[in-house]
Amino acid sequence: SRNVIGPSASESGAFGGDIHINAENTYGFGYHVWAHSNQNLIGGYDVGSNAKESLIFGNTIGVDCTHNSSTHEWTANGTADANKSRYLAVFGKNHTIASDCQSDLVYGSDNNIPQYVYRSAIGGNGNRIHGALDNSFVFGQQHHLGSNSSNWVNVLGYNNKIGLVSPTGDTDSYSGGNEDVNVFGYQNRVGAYLTDSTIIGYYNKIAGGSSSGKYESVYAIGYENTNRPSSTTYQRVFMIGAYLRAEGNDRVIVGRYNDGTGLPNRTSDGDGGTFFEVGCGYDSNHRATGFAVCHTTADGYHAYIGPTKIGGSSSGLKVNG
């Protein structure tokens, strides 16, 4: 009933009510379904698609279309043919997907994917994909991924935010530029322009760089760790534990509630620094580092046990209290 097969819809079919087929080799079924591009199978309730060569099923799904909720009409957006979404498999409810999606599998509920998502699998509930993710997958619930170009980003869990301009402040201002970033867990906050990094756990706050200088190799496993304890962001740091704060580049930090502020940092020419640090504090007001391995030009290789320095270049073993 009330089905419309357009003049260009050769080798097409409609099954149900209020089905509108305006493209060839396309089949629609269900109720309030609009198809505007070729080689599609579209069905469900209140579904409209301007994608090519795609498979779309569910409730209130729009792919590169504008919806009139009163008439249930889906009008195709004016996207150039070369930039249309294609090769999509979309299942679920309340998805909004713009142009330039390719080779993607989308399922779940309340996903909103404005544009430029390539070769991705996105599933769960309440995902917000803000553009230009390449070779990515997103699973879970209520993830927010930043705008602009990002490549090889993998997200799994609940309410992770990727591409934040200020992740330490947990704002909703987004940018992009992430490459090879993996985030698994719950409510992690990850900055933009971060590369070659992995964050696993709960509410880690990991800052990135800028469009003129990306930060690299930040690995955090655990709970509420950060590579930006104040106004400075550090990179090439590995944190395993809870409430850890990186106070310099090129550090491996384990334990909880460390205090690395007095330890030597690597110089601008790559000399020295603190290589390994063990936190042994018990809350944010009582931070402590129980053990650290360091190097400086003046003292050579040495270690700290608490505030006590052991070893140095001028003698085999010395203790400076």
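Q: What does the secondary structure of the protein come to?
A: The model, which is predicted, has 0 helices and 32 strands.

Q: What share of the 321 residues in the protein is buried?
A: Buried residues make up 47% of the 321 residues.

Q: Why is Leu-194 called buried?
A: Buried means under 20% relative accessible area. Leu-194 has a relative accessible area of 0%, so it is buried. This residue lies in strand β22, residues 194-202.

Q: Which residues does Leu-194 touch, not counting those up to four places away in sequence?
A: Contact means heavy atoms within 4.5 Å. By that rule Leu-194 touches Gly-177, Asn-178, Glu-179, Val-181, Ile-199, Ile-206, Ala-207, Gly-208, Tyr-215 and Val-218. Leu-194 and Ile-162 are 32 residues apart in sequence, with 9.8 Å between their C-alpha atoms.

Q: What makes a set of residues a nonpolar core, and which residues have the most contacts inside the largest one?
A: The members must be buried residues of the listed nonpolar types, joined through side-chain atoms within 4.5 Å. The largest such core has 35 residues, and those with the most contacts inside it are Ile-56, Val-63, Val-90, Ile-162, Val-190, Ile-206 and Met-239. Strand β5, residues 55-63, gives the most to this core, with 3 residues.

Q: What is Ile-206 in contact with, leaving aside its neighbours within four places in sequence?
A: Its contacts include Pro-167, Val-190, Leu-194, Ile-199, Val-218, Ala-220 and Met-239. Arg-189, Asn-225, Thr-226 and Asn-227 are also among them.

Q: Why are Cys-65 and Cys-294 called buried?
A: The cut-off is under 20% relative accessible area. Cys-65 has 13%, so it is buried. Cys-294 has 0%, so it is buried as well.

Q: How much space lies in the largest pocket, and which residues are closest to its centre?
A: The largest pocket holds about 210 Å³ of space. Of the 13 residues that line it, the closest to its centre are Lys-205, Glu-224, Thr-226, Arg-245 and Arg-287.

Q: How does the lining of the largest pocket divide into nonpolar, polar and charged residues?
A: The lining has 4 nonpolar, 4 polar and 5 charged residues. Lys, Glu and Arg count as charged, so Lys-205, Glu-224, Arg-245 and Arg-287 fall in that class.

Methods: Residues are numbered from 1 along each chain as its sequence is written. This is a predicted model: local features need pLDDT of at least 70, side-chain atom pairs count only at pLDDT 80 or more; totals for chains, interfaces and linings use all residues. Side-chain values use heavy atoms; hydrogens and water are left out. On a 1 Å grid over the protein atoms alone, a cavity is a set of points where a 1.4 Å probe fits but cannot get out, and a pocket is an open set with protein on both sides within 12 Å along at least five of seven lines; lining residues have an atom within 4 Å of a point. Grid points are joined across faces, edges and corners, and a volume is the space filled by probe spheres set on the points. Helices (H or I, at least four residues) and strands (E, at least two) are DSSP runs, numbered from the N terminus. Buried means under 20% relative accessible area, exposed over 50%, partly exposed in between (1.4 Å probe, protein chains only).
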